[in-house]
Every structure is written in structure tokens, then in C-alpha cells.
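Subject: Model handover and notes

Hello,

Here is the model I promised. Please load it before you read on.

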Amino acid sequence: MSKLNIGIILGSTRQGRVSPQVGQWIKEIADQRGDANYEIVDINDYNLPFLGTTDGSEPGIAAWNQKLGELDGFVFIVQEYNHSITGALKNAIDFAREAWNNKAAGIVSYGSTGGARAAEHLRGILGELLVADVRVHPTLSLFTDFENGSVFKPQALHLDNVNAMLDQVVAWSGALKTLR
């Protein structure tokens, strides 16, 4: 059986965002494992319009759905804005439907409370799209894992949680692949 393809979804498009730093850290850990093909998928690269404001013919929409279709599972890098996920992430999620179905996802969140509230909102959304979110959920604090709120410096204690989450994402993604 070929290796699974897992996308590390960057959930922010704001200027000065730190999600690329967190995503790269996750990818470096994941690549050392050798159990799947991991790639960073930046929603910012797809130039998605706001859902419902266009005729849907923009090339980024088709490219986004094609990329999601190529993936067997996901790791969402989620930042908490106003107790929820970013508007850009919700918009990107809503631009696809079947491409999400019967896949697994892990969540790595950050914020003043580790992004826990955003992660819980994302879990409800993923359930509607038939994405099985895994239990282990690494949470990163803006106060202890980021220097001046902008330079990512994760504490070593997160490594075990990241690997446990990836174990679950790979196992569930493999199991759910049999349904697709």
C-alpha cells in the first residue's frame, strides 16, 4: 500500500501570521516519522473569494478542491480569533464538500488559552463534513510558546502530543481510505 498523503492546513491569511512557523514545525516532526507524505497547504495560496459573492469560476476554487481531493487526511493549524476559527479558514472549508468526506484530521491550535475554543468550533464543522477528528490535540500558548507573540519557540513538552496526534491521524486516515 502506498503512503498516505496528509495536508498540514494553515488556517490564517492575516499579515504577520505565525501559522507558517507552526506548520513548518509540525512538518519537520512529521517528516522524521516516515509514515506518510506530509505537505503544507496554505489557504492563502488559493485566493478564495468570499463564498457566495462570485459565480464560483475562479481557478483557485477548483485548485483548492483538487488539492483536498488528493489528500487522505489533514492537520489543521488553527489560531483562535474571538473564541473561534478564522473567517478565512471557515470560508475555505465551505468551498469544498465531498473532498473532505471520510478523511481524518488532527488539530494543532494556539491562542491565549491554547486555541481550545477555536478547536472545539472546528470539531463541530468537521463532523458535518464527515471528517473524523482525532482525540489528541496539541495546544500552544501565545504566552509560553511564542516570543513577543510573533516568534514561535515551542516548549519541548509538545513533542509527545504532536507525535501522538500524528499516530492517530495516520491510523484513522488509513482506515477511512477504505470507505472512499
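This is a predicted model: local features need pLDDT of at least 70, side-chain atom pairs count only at pLDDT 80 or more; totals for chains, interfaces and linings use all residues.

Residues are numbered from 1 along each chain as its sequence is written, and side-chain values use heavy atoms, with hydrogens and water left out.

**Pocket**

The largest pocket holds about 170 Å³ of space. A pocket here is an open set of points on a 1 Å grid over the protein atoms alone, where a 1.4 Å probe fits, with protein on both sides within 12 Å along at least five of seven lines. The volume is the space filled by probe spheres set on the points, which are joined across faces, edges and corners. Lining residues have an atom within 4 Å of a point. They are Thr13, Ile43, Asn44, Asn47, Leu48, Pro49, Phe50, Ala88, Asn91 and Ala92. By class, the lining has six nonpolar, four polar and no charged residues. Nonpolar covers Ala, Val, Leu, Ile, Met, Phe, Trp, Tyr, Cys and Pro; charged covers Asp, Glu, Lys and Arg; the others, Gly among them, are polar.

**Two lining residues**

Ile43 sits in the loop between β2 and α2. Helices (H or I, at least four residues) and strands (E, at least two) are DSSP runs, numbered from the N terminus. Is Ile43 buried or exposed? Ile43 is buried, at 5% relative accessibility. The cut-offs are under 20% relative accessible area for buried, over 50% for exposed, and partly exposed in between (1.4 Å probe, protein chains only). Not counting residues up to four places away in sequence, Ile43 touches Ile9, Leu10, Gly11, Ser12, Thr13, Trp64, Ala88, Leu89 and Ala92. Contact means heavy atoms within 4.5 Å.

Asn47 belongs to the loop between β2 (36-42) and α2 (59-70). Its phi is positive, about 45°, although Asn47 is not a glycine. Asn47 is exposed, at 63% relative accessibility.

**Another positive phi**

Asn102 is a residue other than glycine with a positive phi, near 55°. Look for Asn102 in the loop between α3 (87-94) and β4 (103-111). Asn102 is partly exposed, with a relative accessible area of 23%.

**Helices**

In α3, the buried residues are Leu89, Asn91, Ala92 and Ile93. Their cover includes β1 (4-10), α2, β3 (73-79) and α4 (116-128).

How do α1 and α5 pack? Helix α1 (residues 19-33) and helix α5 (residues 158-177) meet at an angle of about 65°, and their axes are 11 Å apart. Axes are lines fitted to C-alpha atoms, for helices over the stretch in contact; angles run from 0 to 180 degrees between N-to-C directions. From α1, Trp25, Ile26, Ile29, Ala30 and Arg33 take part. From α5, the partners are His158, Leu159, Val162, Asn163, Leu166 and Asp167. This contact of α1 with α5 has seven nonpolar, two polar and two charged residues.

Ala164 is also found in helix α5. Ala164 is partly exposed, at 27% relative accessibility.

**A strand residue**

Ser141 lies in strand β6 (residues 139-141). Ser141 is buried, at 15% relative accessibility. Leaving aside neighbours within four places in sequence, Ser141 is in contact with Gly111 and Phe146.

Best wishes
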